[in-house]
Amino acid sequence: MIVITAPTGQIGGRLLEILLAEAPSRGEELRVIVRDPGKLPDAVRARVDVVTGSHGDAEVVDRAFAGADAVFWLVPSNTQAPSLDAMYSDFTRAAAKAFTTHGVGHVVGVSALGQGTPVAGRAGHVTASLAMDHLIAGTGVAYRALANPTFFDNLLWQAASIRDHGVFTETVAADRKAPRAATRDIAAAAAGLLLDRSWTGTGEVPVLGPEDLSPNDLAQIMSDVLGRPIRYERQTLDDFRTALTGRGTGEALVQGYLDMMRAKEDGLDDGVPRTPQTASPTTFREWCEQVLKPAVRS
């Protein structure tokens, strides 16, 4: 039995697709925790065991983890969380207790790059995510943290600006190269770990994408794929704060994003070398062709 949290999100939804295709032939049953089962397609609901509720709720995870061999763990965004610890570690405490209570053998969690870097302790959301990893690992469960860089898919939030103005923004320097990855590759890495549970102990599994890219590189590739000039505009942290606040994000999370972006500029994502084991396959050009281009044209 594999339990999937956040099964309607970008990563969890793709993971569920992969597991629905591959798990039955391996004798694996699937269970999902979801607040609104209506967000799952009818065909999916017919093939999985559904536990309704929040996976931050002790009663919900107690029901969901009964008989579970493995769990996919992803903390949902909560723009009004009172603190980053509340969003990550406090949300996870009930699940951590339930892992032990029900003897869950393996957990795969979505986390971030940065462990062991000089800026890991002042990286906002990443610092809080790494603390969550330590909480889970401390239960004694076999745990793998998917250590992720910035997602290609974050650009989908700017699809209208790219379409209407030919502009996208970030806060890092235009020529600063860093790893980036597609969420579908993160889901694929999670699926591999959940289906082959021969691993033990705790550790991280970096998902670095096939190459380091700068915002200027992104602009050039998007221009090629979309057939029109796309330019990068560096956003100041003050403007970034204003934009986040304008979208209703609470102060604790806003500060966490600012600290994370400062840390990325200072090398947060640079601590893991790319190898055949840490690289992931989807190129930014492929992602633009298959995901961004249809979104911009819709």
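This passage walks through the overall form of the protein chain and then visits a few of its residues.

The structure is a predicted model, in which local features need pLDDT of at least 70 and side-chain atom pairs count only at pLDDT 80 or more, while totals for chains, interfaces and linings use all residues. Residues are numbered from 1 along each chain as its sequence is written, and side-chain values use heavy atoms, with hydrogens and water left out.

The protein chain contains eleven helices and twelve strands; helices (H or I, at least four residues) and strands (E, at least two) are DSSP runs, numbered from the N terminus. Its C-alpha atoms fill a box of roughly 55 × 40 × 40 Å along the principal axes. The radius of gyration is 19 Å, which agrees with the value near 19 Å for a compact globule of 298 residues. This radius is taken over C-alpha atoms, and the globule rule is 2.2 Å times the number of residues to the power 0.38.

Of the 298 residues, 53% count as buried, where buried means under 20% relative accessible area, exposed means over 50%, and partly exposed lies in between (1.4 Å probe, protein chains only). The accessible surface of the protein chain comes to about 13000 Å², and carbon and sulfur atoms hold 50% of that area. Accessible areas come from the Shrake-Rupley method with a 1.4 Å probe; for residues, only the protein chains shown count as cover. Among contacts with a separation of 6 or more, 78% join residues 24 or more positions apart, a contact being heavy atoms within 4.5 Å.

Threonine 5 is buried because its relative accessible area is 0%. Its side chain makes two polar contacts (pairs of N or O atoms within 3.5 Å; within protein, one atom must be able to donate a hydrogen and the other to accept it, and residues adjacent in sequence count only if both atoms are side-chain atoms). One reaches the backbone oxygen of phenylalanine 72 at 2.8 Å, and the other the backbone nitrogen of leucine 74 at 3.0 Å. Beyond residues up to four places away in sequence, threonine 5 touches Ile33, His55, Phe72, Trp73 and Leu74.

Alanine 6 lies in the loop between β1 and α1 (10–22). Although not a glycine, alanine 6 has a positive phi of about 50 degrees. With 19% relative accessibility, alanine 6 counts as buried.

Another loop, between β7 (150–151) and α6 (159–165), holds asparagine 154. Asparagine 154 is partly exposed, as its relative accessible area is 36%. Asparagine 154 and threonine 183 are 29 residues apart in sequence, and their C-alpha atoms are 9.4 Å apart in space.

Histidine 125 belongs to helix α5 (residues 125–137), and methionine 260 to helix α10 (residues 251–265). Both count as buried, histidine 125 at 4% relative accessible area and methionine 260 at 14%. Leaving aside neighbours within four places in sequence, histidine 125 is in contact with Leu84, Met87, Tyr88, Leu253, Gly256, Tyr257 and Met260. On the same terms, methionine 260 is in contact with Ala123, Gly124, His125, Val126 and Leu268. Methionine 260 and arginine 297 are 37 residues apart in sequence and 31 Å apart in space, C-alpha to C-alpha.
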